[in-house]
Amino acid sequence: MIRPVRVALAAALALTIAAPAGAASAAPAVPSAGSPPGAVDRAAATRWAADTWRSMVAMTDPGTGLPADNIGGDLAAGSRAKYTSPTNVGSYIWSALAARELRLIGERELVVRVGAALDSLARLDRHADSGMFYNWYDPATLELLRTWPEDGEPVYPFASSVDNAWLAAALMIVHNALPQLRRKSDPLLNGMDFGFYYDPQALGADVPVGLMRGGFWVEPPPGCSLPGNYRDRGPDVHYTCHTYGAFNSETRMISYVAIARGQVPPAHYFGPWRTFPDTCDWSWQEMKPVGEYREYAGVRVFEGAYRYRGLQFVPSWGGDMFEAFMPDMFVPETRWGPKSWARNHPVYVRGQIEHGLRDAGYGHWGFSPASNPAGGYREYGVDAMGLDGPGYTSDQERTSVDYGFAGCPDRPAQPEPEAYGDGVVTPHGVFLGLQHAPAEAQAELARLRRDFDIYGPGGFYDSVAVGSGTVAKRYLALDQGMVLGALGNLLGDDVLRRAFSRGGAERLLRPMMRMEEFSVPARQ
C-alpha cells in the first residue's frame with residue numbers, strides 16, 4: 001500500500017473548503033435584465049465561479065491534494081467518491097488557475113494546491129515505457145485500483161489516451177503559467193509519450209498520417225484488444241481495437257497535445273474524419289453529408305458537413321457540447337481556425353438551442369454526457385448533430401431520428417419523432433456555449449434556476465430531467481472543471497488558452513489549423 005502524502009497546508013485547505021474567497025452561502029442572482037445584449041454579467045458569473053470552486057475544493061482530499069471523481073450535493077466529505085482519474089486531476093489543476101485569475105484564491109494558495117497535486121501524481125503507478133497514467137486511483141491512498149470500490153468488480157489497469165491528454169494539457173499549463181512549479185510538473189510531462197498511441201498505418205499505407213488508439217492495457221483484458229507497441233520500447237501492450245476517427249470530438253485533444261509536444265507529425269491533424277464520406281460504404285452514419293474533398297499538407301480530406309433545421313455544420317460524434325467545445329477551452333480554435341472552427345462553433349451552439357427550444361420543445365437546452373437524474377451516468381446529445389448512427393439522445397426515452405442515406409437502399413428515411421420525452425440538460429453544456437451565445441446561455445441558466453431546484457452550495461448541480469423536474473444533486477470534477485474553465489477564459493482574458501498555447505502548440509499546431517476550410521458557410 002502507498003502511504004498517503006500529507007501536505008503542509010492541510011489547515012489552509014480545510015479553511016477554503018468551508019469558505020473560499022469570494023463565495024457566498026446564498027445562490028447568486030441571475031444576470032440583470034439591464035445588461036446589454038450579448039454582454040456577460042460579470043458579477044453573477046464570478047459568483048457562479050466562486051460556488052463552483054467550492055465544490056472542487058470539497059472534492060479534494062486534504063492529505064493527498066487530489067480530487068475525487070465526484071461528491072454529493074451537500075459537499076459532505078463522506079460523500080466523496082473513492083476513485084479519481086487523470087482527467088479529474090487535470091480538471092482540478094486548471095480550475096485552480098482559473099480560480100486564481102478570478103481572484104477566488106491567491107497566488108500562494110494556487111502554488112500550494114497545484115504543488116500538492118503534482119507531488120501525489122509523482123507517486124502514482126504509471127506505465128514506465130510510455131510515462132502514461134492509468135485510469136483509476138484511490139485519491140486518499142494513491143493506490144492503483146484493481147477492484148471497483150462501488151461494487152467490487154475487477155478493474156484491468158488501462159491507460160486511456162484522451163484521459164492522459166487532459167492531464168498533459170494541465171501540465172503544459174503549469175509549465176507556462178507557474179514556472180515555480182516546473183521542477184515538479186516537467187518530469188511528469190516530459191515522460192509522457194503520446195506516440196505510444198499513434199498508429200501510423202490506421203488509414204492505410206497510401207495515407208501519410210495515422211490515427212490515435214483509444215488506449216492500452218498492460219495485461220490482456222476481457223474482450224477485444226490488439227497486442228503491439230508503436231514505439232518498440234518495452235514489452236508489448238494490448239491496444240484498444242478502435243482508433244479515434246471522428247475529428248469534432250473531445251478526442252482531438254490527444255492530437256493537439258501530441259502535435260504540440262512534437263511526438264506525431266503535424267499533418268496528423270488532417271487524419272480524422274470531419275464527416276465520413278458520402279458513399280453507401282459509410283451509410284451507417286447519422287445522415288448523408290454534403291461537402292467536397294480538399295488537400296492539406298499532402299493529406300486528402302473529405303470536408304463533410306451535416307444539415308439540421310436550416311443549419312450546416314461539422315458534427316461531433318454524439319451531438320453533445322462536451323465533445324464539441326472542451327478542447328476549445330485550451331486551444332484558441334476560433335482564432336487559429338478562422339475558416340473552420342470560427343464558423344462551426346457558433347452554428348453548433350445554435351443547433352443545440354434549436355433542438356431544445358423548438359424541435360424537441362423542452363424549453364431548455366444544453367445536452368452533454370452527465371449524471372443521469374435517475375441514477376448513474378449517461379451520454380446525452382442531439383442525435384441529428386452526431387455522426388453516431390444510434391446516436392446520443394436528448395431524453396430519457398432515447399428518442400432518436402433517422403434521416404436515411406439518399407441513394408442507398410439499406411437506409412431509407414424514417415418518420416420524424418412525433419414527440420420527445422423527459423429531456424435531460426446539464427449546466428456545463430450551457431457554460432461551454434457562453435462564448436458563442438452569451439445572451440442565450442445566460443437566459444438558459446436563468447431559466448434553469450427559475451424552473452428547478454438545481455443550484456446548491458457548489459453551484460449548479462450536474463443535470464436535470466426537465467419534464468419530471470428530477471435533479472441529479474451531485475458534482476463531478478470533470479463537469480465542474482468545464483464550468484470553471486469556460487468562466488476563467490471568459491472573464492480572465494483566455495487564461496487557459498494563453499497558458500496552453502505558448503510554445504509547441506503555436507509553432508506546430510497553429511499552421512495546420514490556419515490552412516483548413518470546413519464546408520460550413522461563413523454566414524448562416
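Cysteine 224 and cysteine 241 are joined by a disulfide (a pair of cysteine sulfur atoms within 2.5 Å), with their sulfur atoms 1.7 Å apart. This pair links distant parts of the chain, 17 residues apart: cysteine 224 sits in the loop between β7 (215–217) and β8 (226–228), and cysteine 241 in the loop between β9 (237–239) and β10 (243–244). Helices (H or I, at least four residues) and strands (E, at least two) are DSSP runs, numbered from the N terminus. The model is predicted, so local features need pLDDT of at least 70 and side-chain atom pairs count only at pLDDT 80 or more, while totals for chains, interfaces and linings use all residues. Residues are numbered from 1 along each chain as its sequence is written, and side-chain values use heavy atoms, leaving out hydrogens and water.

A disulfide also joins cysteine 280 to cysteine 408, with an S to S distance of 2.0 Å. Cysteine 280 lies in the loop between α7 (252–260) and β11 (290–296) and cysteine 408 in the loop between β15 (377–378) and β16 (424–425), so this link ties together parts that are 128 residues apart in sequence. Cysteine 408 is buried, at 5% relative accessible area, and cysteine 280 is partly exposed, at 40%; here buried means under 20% relative accessible area, exposed over 50%, and partly exposed in between (1.4 Å probe, protein chains only). The count comes to two disulfides.

Turning to the helices, histidine 345 lies in α10 (residues 341–359) and is buried, with a relative accessible area of 1%. Its contacts (heavy atoms within 4.5 Å), not counting residues up to four places away in sequence, include Arg252, Asp328 and His436.

Next come the pockets. On a 1 Å grid over the protein atoms alone, a pocket is an open set of points with protein on both sides within 12 Å along at least five of seven lines, and lining residues have an atom within 4 Å of a point. The largest pocket is lined by 36 residues, with Val162, Asp163, Glu250, Phe322 and Tyr377 nearest its centre. Helix α5 gives the most to this lining, with three residues. In the second largest pocket, 15 residues form the lining, and Val207, Trp273, Val299, Arg300 and Val301 lie nearest the centre. Strand β12 (residues 299–308) gives the most to the lining of the second largest pocket, with four residues.

Technical notes. 1 Å grid on protein atoms, 1.4 Å probe; cavity = no way out; pocket = protein on both sides within 12 Å on 5 of 7 lines; lining within 4 Å.
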